[in-house]
Amino acid sequence: MTTMHQRTIFFISDGTGVTAETFGRAIMKQFDITTRAVRLPFVDTVDKAHQAVHQINHTAEKEGKKPIVFTTLVEPETVKVVHEHCKGLVMDMFATFVQPLEDELGAKSHHRIGRFTDISESKEYFDRMEAINFSLAHDDGQTNHDLAGADVILVGVSRSGKTPTSLYLAMQFGLKVANYPLIPEDFDRQQLPPALIPFKKKIFGLTIAPDRLSQIRNERRPDSRYASLQNCRMEVAEAESMMRRAGIQWLSTTHKSIEEIAAVVMQGLKQDE
């Protein structure tokens, strides 16, 4: 049986697997191949490690190719099982980075699994939860309450990437983000929504190519005026003109990932400090 992918990628962790997957996917993007991703979280016992190895080895036999295995396991016994019995190409992130750091710093790392308790009890964790709640409450212009408490306010036409960027900034960096859609009423007034004007220094604009915007909107409302290319061209042109007149920073999201958009926004915030 032929498969649609060229290689299977496993992400193994004694925690959620997010770190292994994020790092692994970033590495694999450097190669022009199709992959199938399998995350194996909470591999925190020897028995679970053997189960994970069995799954990886079965895949190797079935596909006739070594799976690529990214691991962030820290427990020596589980690490040993994977290294000694796995038939995949094992990319051990801790062995690659932590051990050289131990040698350089002359200190042993904590080697603590997951560290969920430490994180969930920290001020940073609670600040991040508060930021996520704030960003959800201020999504898509739902409320003007406490805009003074926002770290950044994103504006742009509907479906230009404001909501996912807001949530990413909240979850990854603990930023309180409000986002507002620019609508025909704003274009008629030729100015930003009145509630945002006192906070212009916090505003960052997002725009997008009209043809891409039309494609995205058609997935939501097929063959509507909202999604028509003519309307998208008008809205984008009006929004960009408004942002220029207001003198706010903005960027096009057309060919950028959420991570790239967030990085530019963060850079803009630092420039204003």
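Which residues in H6 meet which residues in H7? I looked this up before anything else. Arg 128, Ala 131, Ile 132, Ser 135 and Leu 136 are the H6 side. They meet Ser 166, Leu 167, Ala 170 and Met 171 in H7. Contact here means heavy atoms within 4.5 Å.

**Ground rules.** I am reading a predicted model, where local features need pLDDT of at least 70, side-chain atom pairs count only at pLDDT 80 or more, and totals for chains, interfaces and linings use all residues. Residues are numbered from 1 along each chain as its sequence is written, and side-chain values use heavy atoms, with hydrogens and water left out.

**H6 and H7.** (Nonpolar covers Ala, Val, Leu, Ile, Met, Phe, Trp, Tyr, Cys and Pro; charged covers Asp, Glu, Lys and Arg; the others, Gly among them, are polar.) Next I looked up the geometry. Helix H6 spans residues 123-137 and helix H7 spans 162-173. (Helices are DSSP runs of H or I with at least four residues, strands are runs of E with at least two, and both are numbered from the N terminus.) Their axes lie 8 Å apart, at an angle of about 165°. (Axes are lines fitted to C-alpha atoms, for helices over the stretch in contact; angles run from 0 to 180 degrees between N-to-C directions.) H6 is therefore roughly antiparallel to H7. (Over 145 degrees counts as roughly antiparallel, under 35 as roughly parallel.)

**H2 and H3.** I turned to helix H2 (residues 46-63) and helix H3 (residues 76-85). Their axes come within 9 Å and cross at roughly 25°. So H2 and H3 are roughly parallel to each other. In H2, Val 46, Ala 49, His 50, Val 53 and Asn 57 take part. They meet Glu 77, Thr 78, Val 81, Val 82 and His 85 in H3. This contact has 5 nonpolar, 4 polar and 1 charged residues.

**Arg 159.** I found Arg 159 in the loop between strand S5 (152-156) and H7. (Buried is under 20%, exposed over 50%, partly exposed in between, with a 1.4 Å probe and protein chains only.) Leaving out residues up to four places away in sequence, Arg 159 touches Ile 208, Leu 213, Ile 216, Arg 217, Arg 220 and Tyr 226.

**Cysteines.** I searched the whole structure for disulfides and got 0. (A disulfide is a pair of cysteine sulfur atoms within 2.5 Å.) Cys 86 counts as buried because its relative accessibility is 13%. Cys 232 is buried too, at 0%.

Notes. Angles under 35 degrees count as roughly parallel, over 145 as roughly antiparallel, 65 to 115 as roughly perpendicular and the rest as oblique.
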